[in-house]
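Subject: Handover of a structure and notes on its contents

Dear colleague,

My notes come after it.

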Amino acid sequence: MSNTNKITEGAARLARRLHKGQVDKAGMDYFSGHLTTVASMGTTWQEQVVGYLHDASEDTSYSVDRILDLLNNELGKPLSVEDRGELAIALRLLNHHTAPDRETYIRSIGNNALATAVKLHDLTHNMDLSRLANPNEKDYARIERYKKEYDYLKIKFKAKMKRILLSLLTVFLLTSCSSYISYTYRPLAAEGCSVRYSANYQEGKPYLFVEIQSDRLMFGGKPILMVKTFKGEIFTLEGISIATSQESSGVIVGNIVLPITELQAKALFPITEDQISLLNDGIAKVRISTVPITHERTFSQDIIGKRLYNQFESTKKKAREF
């Protein structure tokens, strides 16, 4: 089990204990009825952990700092300074007692990506009137307020993600020519391509860039990258397709000019520190969900894993230097 999975499971156990005996507006157990639903919507371990714990400082006598101390006890070791800080900020913002009014509360959440993501999941579940047997006028009025808050936070979240993606794409375009790690695969076959990888940190979070050059391969809306190490560990990254460009040229064969079109498809994959550490074991196999043909390659020896690991470590060090 990875360290991030242990943190998520520890948060679930702690949330169950802290909210024992509490019920939601539908009369369901608060942990299994609401917190588990919100956490399950999370796409990162941080969103899942905050999803489990987002109401703990509101609904119990514990402060955010004390809750994170209890999480450390649950895990048997402390969270890293960076992880604890990120979780603490989001949890404080999600406690409405820390804001003078509801509008300030929502606007403050909108300035933090992690808190925004979890609040969107929270509102999504709270807006589900099918949970209530007999909703009344007060319930409908509350849902209308939730919808306005949801729309506001959704716009803020999309704008922030767009800024991050544009920033990361700019970094990638500026650095990939000199720092990518690549290989060429079956150049004359239908699935032939060149694949480039590059490590980067943005706002303290690691990302893996992947660029595929070919005559037909592209990324779908939500690319998937599967990695198997030489020690047999397997992990999956879910990414975002960020750009596809096309270049046309021709090759003269005899008196005939044969047109050649090259596609350059780029995707961005968030990656955890635990997954980065696995790269140091060497990559034995990769599978990338390109269309119309899935890219898959098996390696007899490592040519990208350790190099990517070292690039992440070097990039992280530079990002933290002032």
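This is a predicted model: local features need pLDDT of at least 70, side-chain atom pairs count only at pLDDT 80 or more; totals for chains, interfaces and linings use all residues.

Overall architecture

The chain has 322 residues, of which 43% are buried. Its secondary structure consists of eleven helices and eleven strands. When contacts between residues at least 6 apart in sequence are considered, 61% of them join residues at least 24 apart. The exposed surface comes to about 17,000 Å², and 52% of that area is supplied by carbon and sulfur atoms.

Salt bridges

Side chains of opposite charge can pair when their charged atoms come close. In this chain the count is 21 salt bridges.

The side chains of R13 and E74 form a salt bridge, with 2.8 Å from N to O. This pair links distant parts of the chain, as R13 belongs to helix α1 (residues 3-18) and E74 to helix α5 (residues 64-75), 61 residues apart. R13 has a relative accessible area of 39% and is therefore partly exposed. E74 is also partly exposed, at 22% relative accessibility.

Because E296 lies in strand β11 (residues 295-298) and K285 in strand β9 (residues 283-288), the pair ties together parts that are eleven residues apart in sequence. Both partners are partly exposed: E296 has a relative accessible area of 30%, and K285 has one of 26%.

Are the two partners buried or partly exposed? With 16% relative accessibility, K316 falls under the 20% cut-off and so counts as buried. E313, with a relative accessible area of 29%, is partly exposed.

Beyond these pairs, a network of salt bridges links D65, D69, R84 and R92.

Enclosed space

Rolling a probe the size of a water molecule over the atoms shows where empty space is left. The structure has one cavity of 30 Å³ or more. The largest cavity holds about 50 Å³ of space. What kinds of residue make up its lining? The lining has twelve nonpolar residues, with no polar and no charged ones. Among the lining residues are Y197, L208, F235, I271, L279, I304 and L308. Strands β5 (224-229), β6 (234-238) and β9 each contribute at least two residues to this lining. Strand β9 is also the element that holds K285, the partner of E296 described above.

The second largest pocket

The second largest pocket has a volume of about 400 Å³. It is lined by 19 residues, and those closest to its centre are K25, Y30, D55, N126 and Y146. The elements that each give two or more residues to the lining are α2 (30-40), α4 (56-59), α7 (102-109), α8 (113-126) and α9. By class, the lining of this pocket has eleven charged residues, together with four nonpolar and four polar ones.

With a relative accessibility of 11%, D139 counts as buried. Apart from its neighbours within four places in sequence, D139 is in contact with L129, L132 and N134.

G192 is located in the loop between β1 (181-185) and β2 (193-202). At 8% relative accessibility, G192 counts as buried. Which residues does G192 contact, leaving aside its neighbours within four places in sequence? They are Y185, R186, P187 and S214. The C-alpha atoms of G192 and S214 are separated by 6.5 Å, although the two residues are 22 apart along the chain.

I would be glad to hear your comments once you have looked through the model.

With kind regards

Technical notes:
Residues are numbered from 1 along each chain as its sequence is written. Side-chain values use heavy atoms; hydrogens and water are left out. Helices (H or I, at least four residues) and strands (E, at least two) are DSSP runs, numbered from the N terminus. Buried means under 20% relative accessible area, exposed over 50%, partly exposed in between (1.4 Å probe, protein chains only). Contact means heavy atoms within 4.5 Å. Accessible areas come from the Shrake-Rupley method with a 1.4 Å probe; for residues, only the protein chains shown count as cover. A salt bridge is a side-chain nitrogen of Lys or Arg within 4 Å of a carboxyl oxygen of Asp or Glu. On a 1 Å grid over the protein atoms alone, a cavity is a set of points where a 1.4 Å probe fits but cannot get out, and a pocket is an open set with protein on both sides within 12 Å along at least five of seven lines; lining residues have an atom within 4 Å of a point. Grid points are joined across faces, edges and corners, and a volume is the space filled by probe spheres set on the points. Ala, Val, Leu, Ile, Met, Phe, Trp, Tyr, Cys and Pro count as nonpolar, Asp, Glu, Lys and Arg as charged, and the others, Gly among them, as polar.
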